[in-house]
Amino acid sequence: MSKKMELDIINFHCAGIDIGSRSHFVAIGQDLSDVKEFGVYAEDLNAICTWLKENGITSVAMESTGSYWQNLYAELAKNGFDIVLANGKFTKNAKGKKTDVKDARWIQKLHALGLLSSSFLPDQTTEILRTYCRQRTNWLQLAAETSNKMQKYLKLLNMRLDVVVKDVCGLTGLKIIEDICKGNLDPNSLAEHRHYNCRKSEEEIAKALKGNERQDFLFGLKQEFESYQFYQKKITACDKQIDIFLKKQIKLDPLKKNLKPKLNHINE
């Protein structure tokens, strides 16, 4: 008969937390009495820290479930706990019917045995910058969707702007679309918005803009154009915020400061 292998306890004063959207289950041991349910409000998060301290807990493991872990993580870190933020795929191996209590105990057991590794977390500066950049990316994606919808309505109107300009949201395209949305449907007048670097002539552009003047398609085009303008304003606002943040964070290298006068002297 093979001998049963037992793992040694690595973390003696540890807890496991099953993160939820409406409540968190905290296990400080393997008995049912060692598991307690808490809410997700600020006072509940503070109560978790208090309970953990009262029971001599110094290290905590929890799953990186959605964004529900972030506030609790910040509260635990503020209270000086050693935190392991584990990927959910490493904690979902408990046998039998899944329950919040069982999950919390399982996470606590894995952490006690030293079987959980923490996910990478950026520093606060990087995290803030990432938030701004992700928000900007969201607006860019929405603007791209709106651009595609504008092209769709232009094709339905038989205004083949996509044939005569490289980008319908370029310098020529946007001015033409804006004028169409204002009610100008004269091809020759619209073609006058041609930018000097556009490869097609005004005559070719005018030919492409002889549409069917369907009012429902014009209405759709106008709404998408207004949405596109709105998204562009949001993108610009994100750019400004990122610029302000970076200027506060990035400091000039003293070495470059010392070299600058010499370089200017050489250039003179």
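Biologist: How many helices and strands does the secondary structure of the protein chain come to?

Modeller: In this predicted model, the protein chain has 268 residues, of which buried ones make up 35%. Its accessible surface comes to about 17,800 Å², with 50% of that belonging to carbon and sulfur atoms. The secondary structure of the chain comes to 10 helices and five strands.

Biologist: Which element gives the largest share of the lining of the largest pocket?

Modeller: About 370 Å³ of space lies in the largest pocket, and of the 14 residues that line this pocket, the closest to its centre are Trp69, Gln70, Leu121, Glu127 and Arg130. The largest share, five residues, comes from helix 4.

Biologist: How do the residues of the lining of the largest pocket divide into nonpolar, polar and charged?

Modeller: Glu127 and Arg130, which are among the residues closest to the centre of the largest pocket, belong to the charged class, because Asp, Glu, Lys and Arg count as charged. Over the lining of this pocket, the residues divide into six nonpolar, five polar and three charged.

Biologist: Which residues lie nearest the centre of the second largest pocket?

Modeller: The second largest pocket holds about 310 Å³ of space, and the largest share of its lining, three residues, comes from helix 6 (residues 171-181). The residues of this lining divide into four nonpolar, five polar and four charged. Of the 13 residues that line the second largest pocket, those nearest its centre are Val165, Lys166, Asn197, Cys198 and Arg199.

Methods. Residues numbered from 1 in each chain as written. Predicted model: local features only at pLDDT ≥ 70, side-chain atom pairs only at ≥ 80, totals over all residues. Heavy atoms only, no water. 1 Å grid on protein atoms, 1.4 Å probe; cavity = no way out; pocket = protein on both sides within 12 Å on 5 of 7 lines; lining within 4 Å. Points joined across faces, edges and corners; volume = space filled by probe spheres on them. Helix = DSSP H or I, 4+ residues; strand = E, 2+ residues; numbered from the N terminus. Buried < 20%, exposed > 50% of the residue type's maximum accessible area, 1.4 Å probe, protein only. Areas by Shrake-Rupley, 256 points an atom, 1.4 Å probe, with all protein chains shown as cover.
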